[in-house]
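Q: I would like to learn how to read this model. Where do we start?

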Amino acid sequence: MTRGFVALALAAWALVVAADARAEVSVQAYALPAGGGGPHDVAVGADGIVWYTAQRAGKLGRLDPATGKVELVPLGPGAAPHGVIVGPDGAPWITEGGTNSIVRVDPATRAVKRWPLPEGRGYANLNTLTFDRRGRVWFTGQSGVYGRLDPTSGVLQVWDAPRGFGPYGIATTPDGDVYYASLAGSYIARVDLDTGAATVLEPPTRTQGARRVWSDSRGRIWVSEWNSGNVSRYDPRTGAWKTWKLPGDRPRAYAVYVDDKDKVWLSDWGANAMVRFDPETETFDAFPSDRRGTNVRQILGRPGEVWAPESGTDRLVVYRTK
């Protein structure tokens, strides 16, 4: 295990946003050390510790925002981690594309445990993961698969995705339903938790490039659409869809996350900004970065905090809401 080095916590920068948004949100950036940059995905635990995948380095990063200290945990030869979430056990869980496996890192000892996909499945290009309410891990592979791991029994199953290539973002609703998005397939799907069967749900915009999904407190599914620059919402209770275009000339919506106040956050690569959408007023607030080419690939948070990994600038940025 390699102990990391102290990261420099940068002061919040001035943002060109509406006055009410500026009053509500403070922004702080944490620079990452050499050999542990290129953050792909990020997750924050209930204790405030932030974990991120240093994909190019084959490591898992751990940031303590109180001190700015960053620690790097090697994930083994050939590792190339993509997604990370904090599980119900408080540990970081990772989709590890380099070794085609699901990985858990013990938050106390930093021990790495690995569950490889079946050899006959080949390279899955693992992307993201989520826990259902039964303690099982569901995951996606952009090569055209999605799967489920039961950590207790060690049983790992993989299914072929409808329309082949594309499964990307995945999320669990408050009621325990699991949905994933297919970037290449331009759809979202609801997964049967017992059989594993995926039911395709078509967004209203064709070839929209559904990239990631998240649920609000009411179980409605929010979708970031990469090709169209839209954010869309699916209501499972009514089957209704609604779509909004992000502001700007050429929005590219990559990540989506719904915070504890049911505000929808998106990373817009076209505007090099984080964007917050209020479903009640149907208005957007844009938070442009002070750096070029931020390339935020995932957004996660906890009450009062929204975290974004800037893969293009080697920083983790937190948006703290009042």
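**Reading the fold, strand by strand**

A: Start with overall size. With 322 residues, a compact globule would have a radius of gyration near 20 Å; this protein has 18 Å, which agrees. Keep in mind that the model is predicted.

Q: What does the C-alpha trace span along its principal axes?
A: The spans are about 55 × 50 × 30 Å.

Q: How many helices and strands does the protein have?
A: There is one helix, against 29 strands.

Q: What share of the residues counts as buried?
A: The cut-off is under 20% relative accessible area. By that rule, 57% of the 322 residues are buried. The accessible surface of the protein comes to about 12,800 Å². Carbon and sulfur atoms hold 49% of that surface.

Q: What do the contacts say about sequence separation?
A: Take contacts between residues at least 6 apart in sequence. Of these, 46% join residues at least 24 apart.

Q: Now the sheets. How do strands pair in general?
A: Strands of a sheet pair through backbone hydrogen bonds, in a parallel or an antiparallel sense. Here is a case: four strands form an open sheet in the order β11-β12-β13-β14, with antiparallel pairing. Its edge strands are β11 (126-131) and β14 (156-160), each of which pairs on one side only. Neighbouring strands are turned by 20° against each other on average, direction ignored.

Q: Which strands pair with β13, and over how many bridges?
A: On one side, β12 (residues 137-141) pairs with β13 over five bridges, in the antiparallel sense. On the other, β13 (residues 145-149) pairs with β14, again antiparallel and over five bridges.

Q: Which residues stand opposite Gly-147?
A: Follow Gly-147 across the sheet. Phe-139 stands opposite Gly-147 in β13. Gly-147 also stands opposite Val-158 in β14. Another bridge links Val-145 to Asp-160 in β14.

Q: Which way do the side chains of a strand point?
A: In a regular strand, they alternate between the two faces of the sheet. In β13, Val-145, Gly-147 and Leu-149 point one way, while Tyr-146 and Arg-148 point the other way.

Q: Are those β13 residues buried or exposed?
A: Buried, on both sides. The strand is mostly covered, with five of its five residues buried.

Q: What should I look for in the hairpins of β13?
A: Look at the turn length and the phi angles. Three residues lie between β12 and β13, and Gly-144 in that turn has a positive phi of about 120°. The hairpin of β13 and β14 has six residues between the strands, and Gly-154 there takes a positive phi near 80°.

Q: What is the strand order in the other sheet?
A: That open sheet of four strands runs β15-β16-β17-β18, with antiparallel pairing. The edges are β15 (167-172) and β18 (198-201), and each pairs on one side only. The twist averages 25° from one strand to the next.

Q: How many bridges join β17 and β18?
A: Strand β17 (residues 187-191) pairs with β18 over four bridges, in the antiparallel sense. To locate one of them, find Ala-189: its bridge partner in β18 is Val-200.

Notes:
Residues are numbered from 1 along each chain as its sequence is written. This is a predicted model: local features need pLDDT of at least 70, side-chain atom pairs count only at pLDDT 80 or more; totals for chains, interfaces and linings use all residues. Side-chain values use heavy atoms; hydrogens and water are left out. Two strands pair if DSSP finds at least two bridges between them. Helices (H or I, at least four residues) and strands (E, at least two) are DSSP runs, numbered from the N terminus. Axes are lines fitted to C-alpha atoms, for helices over the stretch in contact, and angles run from 0 to 180 degrees between N-to-C directions. The radius of gyration is taken over C-alpha atoms; the globule rule is 2.2 Å times the number of residues to the power 0.38. Buried means under 20% relative accessible area, exposed over 50%, partly exposed in between (1.4 Å probe, protein chains only). Contact means heavy atoms within 4.5 Å. Accessible areas come from the Shrake-Rupley method with a 1.4 Å probe; for residues, only the protein chains shown count as cover.
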